[in-house]
Amino acid sequence: MTIEQEQALAKLRDRLEREKWPQKYAFKFIMPNDGFTIKQVEMVLPPVGQRGTRLSKNGKYIALTHICIAPAAEMVTRVTGMAMEVPGVMTL
């Protein structure tokens with residue numbers, strides 16, 4: 001993980017720790033539209049929740065949103081951190 005990614009994850013953790021848990025959380029990622037990358041991200045997401053995707057205009061990228069009930073901020077930062085380690089994935 002790069003220094004910028006670590007800083008972004010720390011900022012997310014600080015913001016989320018001020019929230020009340022459990023609560024509904026929307027994980028949002030943009031990645032290359034290839035099956036391998038998509039599968040890697042799907043593997044780190046919670047198994048239960050609503051999932052949606054949207055292709056970019058030229059079909060080169062895909063946006064994936066996964067909405068679930070997160071029990072704690074730690075779970076959100078852990079999942080986000082694992083997804084950030086997949087090459088080509090951007091978090092929103």
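This is a predicted model: local features need pLDDT of at least 70, side-chain atom pairs count only at pLDDT 80 or more; totals for chains, interfaces and linings use all residues.

Me: Is Thr37 buried or exposed, and on what basis?

Reply: Burial is assigned by a cut-off: a residue counts as buried under 20% relative accessible area. Thr37, a residue of helix α2, counts as buried because its relative accessibility is 6%. Setting aside residues up to four places away in sequence, Thr37 touches Met31, Pro32, Val86, Pro87 and Val89.

Me: Where does Val86 lie, and which residues is it in contact with beyond its neighbours within four places in sequence?

Reply: Val86 belongs to the loop between α3 and β4 (90-91). With a relative accessibility of 8%, Val86 counts as buried. Beyond its neighbours within four places in sequence, Val86 is in contact with Thr37, Gln40 and Val41. As for distance, Val86 and Leu12 are 74 residues apart in sequence, and their C-alpha atoms are 18 Å apart in space.

Me: How should I approach the nonpolar core?

Reply: The general idea is that in soluble globular proteins, nonpolar side chains tend to be buried together. Here, the largest nonpolar core has 23 residues, and those with the most contacts inside it are Phe27, Phe29, Met31 and Val76. Two or more residues of this core come from each of α1 (3-16), β1 (23-32), α2 (35-44), β3 (61-70) and α3 (73-84). The largest share, 6 residues, comes from α3.

Me: Which residues does Met31 touch, not counting those up to four places away in sequence?

Reply: The list for Met31 comprises Thr37, Ile38, Val41, Lys60, Tyr61, Ile62, Leu64, Gly88 and Val89.

Me: How is a residue with intermediate accessibility to be read?

Reply: Between the two cut-offs of 20% and 50%, a residue is termed partly exposed. Ala26, placed in strand β1, is partly exposed, with a relative accessible area of 29%. Leaving aside its neighbours within four places in sequence, Ala26 is in contact with Thr65, His66 and Ile67. Ala26 and Ala70 are 44 residues apart in sequence, with a C-alpha to C-alpha distance of 9.2 Å. A second case is Glu74, in helix α3, which is partly exposed at a relative accessible area of 48%. The C-alpha atoms of Glu74 and Leu16 are separated by 8.5 Å, although the two residues are 58 residues apart along the chain.

Me: What volume has the largest pocket, and which residues lie nearest its centre?

Reply: A pocket may be described by its volume, its lining and the classes of its lining residues. The largest pocket holds about 200 Å³ of space. Its lining has 14 residues, and Ala8, Leu12, Thr80, Thr91 and Leu92 lie nearest the centre. At least two lining residues come from each of α1, β1 and α3. By class, the lining has 9 nonpolar, 2 polar and 3 charged residues.

Me: How does the description run for the second largest pocket?

Reply: The volume of the second largest pocket is about 170 Å³. It is lined by 14 residues, of which Ile30, Arg54, Ile62, Ala63 and Leu64 are closest to the centre. The strands β1, β2 (50-55) and β3 each supply at least two residues of this lining, and the largest share, 5 residues, comes from β3. The lining of the second largest pocket comprises 8 nonpolar, 4 polar and 2 charged residues.

Me: What is the form of the peptide bond from Trp21 to Pro22, cis or trans?

Reply: A peptide bond is read from its omega angle. The bond from Trp21 to Pro22 is cis, with omega near 0°. Pro22 is located in the loop between α1 and β1.

Definitions and conventions:
Residues are numbered from 1 along each chain as its sequence is written. Side-chain values use heavy atoms; hydrogens and water are left out. A nonpolar core is a set of buried Ala, Val, Leu, Ile, Met, Phe, Trp, Tyr and Cys residues joined through side-chain atoms within 4.5 Å. Buried means under 20% relative accessible area, exposed over 50%, partly exposed in between (1.4 Å probe, protein chains only). Helices (H or I, at least four residues) and strands (E, at least two) are DSSP runs, numbered from the N terminus. Contact means heavy atoms within 4.5 Å. On a 1 Å grid over the protein atoms alone, a cavity is a set of points where a 1.4 Å probe fits but cannot get out, and a pocket is an open set with protein on both sides within 12 Å along at least five of seven lines; lining residues have an atom within 4 Å of a point. Grid points are joined across faces, edges and corners, and a volume is the space filled by probe spheres set on the points. Ala, Val, Leu, Ile, Met, Phe, Trp, Tyr, Cys and Pro count as nonpolar, Asp, Glu, Lys and Arg as charged, and the others, Gly among them, as polar.
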